[in-house]
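I opened this model to look up how its elements pack and pair. My notes follow in the order I made them.

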Amino acid sequence: MDKLLEVVKSPEVFAEGSQDIWLDPDRADFVLQSHLDETMDGASKDAHFIQQSIDLISEIAPLTNYQSILDLGCGPGLYSEKLAEKGYSVTGIDFAENSIEYARKEAEKKNLSIDYHCGDFLTINYEEEFDLTLLIYQIFGILNPDERKKVLSNMYRALKPGGFVLLDVLSDKSFADFEESREWSLSSKNSMLSRKKHLGLISTEKYPNNVSLQKTVLVFEDGEIVNYHYWNQYFSVEDLRQEIEEAGFTLEQVYADVNGETYKADGEFIAAVLRK
């Protein structure tokens, strides 16, 4: 009980949980399914949205002038595949082994030459190899400030002169609309998060400086307690501009989302094109 009471306390901002859900082998099937199931708003957009995003990428980085793409946090390759089908040379990186193995098998079945790597994009060390880097589905905002600086530096170094980044974040309007909550549930087996019977405790909390936390605690019959922290940093356009300019980028264009919709000040997301 003491351990449970300690775990459910509000942590320091950007403190890690006991386990990263994206790397937890017991939750690997759930992570992959959340990418592939269009009815689950957990890790990927639906096919129509993805195709709109591919069209935007083709517009800002036409194949006649830009051939090589680095897809960071590529998951099971939903974007990488479509870009490879268009003729781009694609490298995909994700630290979820299950997703990368799925992506490799799909690429082989479809006879697509995509260079997939299972690894952490915070440790990549490419030097001016790519024309465009993708960091999409609000990945940038789940990183803490030091990690954001690191990934911006990595992307800048990986791009050729004049290259682009396409990334997206949650907006400060989203933070204003974010509601705190507490809930619990009892699952007998085969829930989204585990095949074992467990008690689930979920809280959503607001922190200063436009940061939120979704905290999930799973308590199992054998006494095991698993604790996931899902942090998010929210941005205004000026907040985002400041971070990316400190890394050497220029904010080239802003959209409402990575499907190319026109930016709105009251929108839920901000998508940005950065130029090296």
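**Overview.** I counted eight helices and 11 strands in the protein. Helices (H or I, at least four residues) and strands (E, at least two) are DSSP runs, numbered from the N terminus. The model is predicted, so I kept to its limits: local features need pLDDT of at least 70, side-chain atom pairs count only at pLDDT 80 or more, and totals for chains, interfaces and linings use all residues. Residues are numbered from 1 along each chain as its sequence is written, and side-chain values use heavy atoms, with hydrogens and water left out.

Buried residues make up 49% of the 276 residues. Buried means under 20% relative accessible area, exposed over 50%, partly exposed in between (1.4 Å probe, protein chains only). I then checked the contacts (heavy atoms within 4.5 Å). Of those between residues at least 6 apart in sequence, 65% join residues at least 24 apart.

I turned to E4, residues 130-135. Six of its six residues are buried. I looked for strand pairs, which need at least two DSSP bridges between the strands. E1 (residues 68-72) runs parallel to E4, with three bridges between them. There, Ile69 stands opposite Leu132 of E4. E4 and E5 also run parallel, joined by five bridges. Leu135 has Leu167 in E5 as its bridge partner. The chain goes from E4 through H6 to E5 in a right-handed β-α-β crossover. Right-handed here means that, with the strands pointing away from the viewer, the path from the first strand over the helix to the second runs clockwise.

I looked up Thr91 in strand E2 (residues 89-94). Thr91 has a relative accessible area of 9%, so I noted it as buried. Setting aside residues up to four places away in sequence, Thr91 touches Ile69, Leu70, Asp71, Asp115, His117, Tyr126 and Phe130.

I found Thr216 in strand E8 (residues 211-220). Thr216 is buried because its relative accessibility is 8%. Beyond its neighbours within four places, Thr216 contacts Leu193, Leu201, Ile202, Val226, Asn227 and Tyr228.

**Helix H8.** Which residues of H8 are buried? I listed Val237, Leu240 and Ile244, in a helix that spans residues 237-246. Seen down the axis, these buried residues fall within an arc of 65°, so they line one face of H8. The arc is taken over the directions from the helix axis to the C-beta atoms. An α-helix has 3.6 residues a turn, so residues three or four places apart point the same way. The cover over the buried residues of H8 includes helix H6 (145-158) and strands E5 (159-171), E9 (225-235), E10 (250-255) and E11 (269-275). After H8 comes Gly248, with a positive phi near 105°.

**Aromatic pairs.** I found eight aromatic pairs in the structure. Rings of Phe, Tyr and Trp (its six-membered ring) pair if their centres lie within 6.5 Å; planes under 30 degrees apart count as stacked, over 60 as edge-to-face and the rest as tilted.

Tyr156 and Phe249 form an edge-to-face pair, at 5.1 Å centre to centre and 80° between the planes. Tyr156 is in helix H6 and Phe249 in the loop between H8 and E10, 93 residues apart. Tyr156 is partly exposed at 28% relative accessible area, whereas Phe249 is buried at 2%.

The ring centres of Tyr207 and Trp231 are 4.9 Å apart and their planes lie at 70°, so I logged this pair as edge-to-face. Tyr207 lies in strand E7 (residues 198-207) and Trp231 in strand E9, so the pair ties together parts 24 residues apart in sequence. Tyr207 is buried at 13% relative accessibility. Trp231 is buried at 5%. Phe14, Tyr207 and Trp231 form one aromatic cluster.

**Charges over rings.** I asked for NZ of Lys or CZ of Arg within 6 Å of a ring centre and within 35 degrees of the ring normal. The charged end of Arg148 sits over the ring of Phe140, 5.9 Å from the centre. Lys206 lies over the face of Phe175, 4.8 Å from the ring centre.

I placed Asp266 in the loop between E10 and E11. Asp266 is exposed, with a relative accessible area of 53%.
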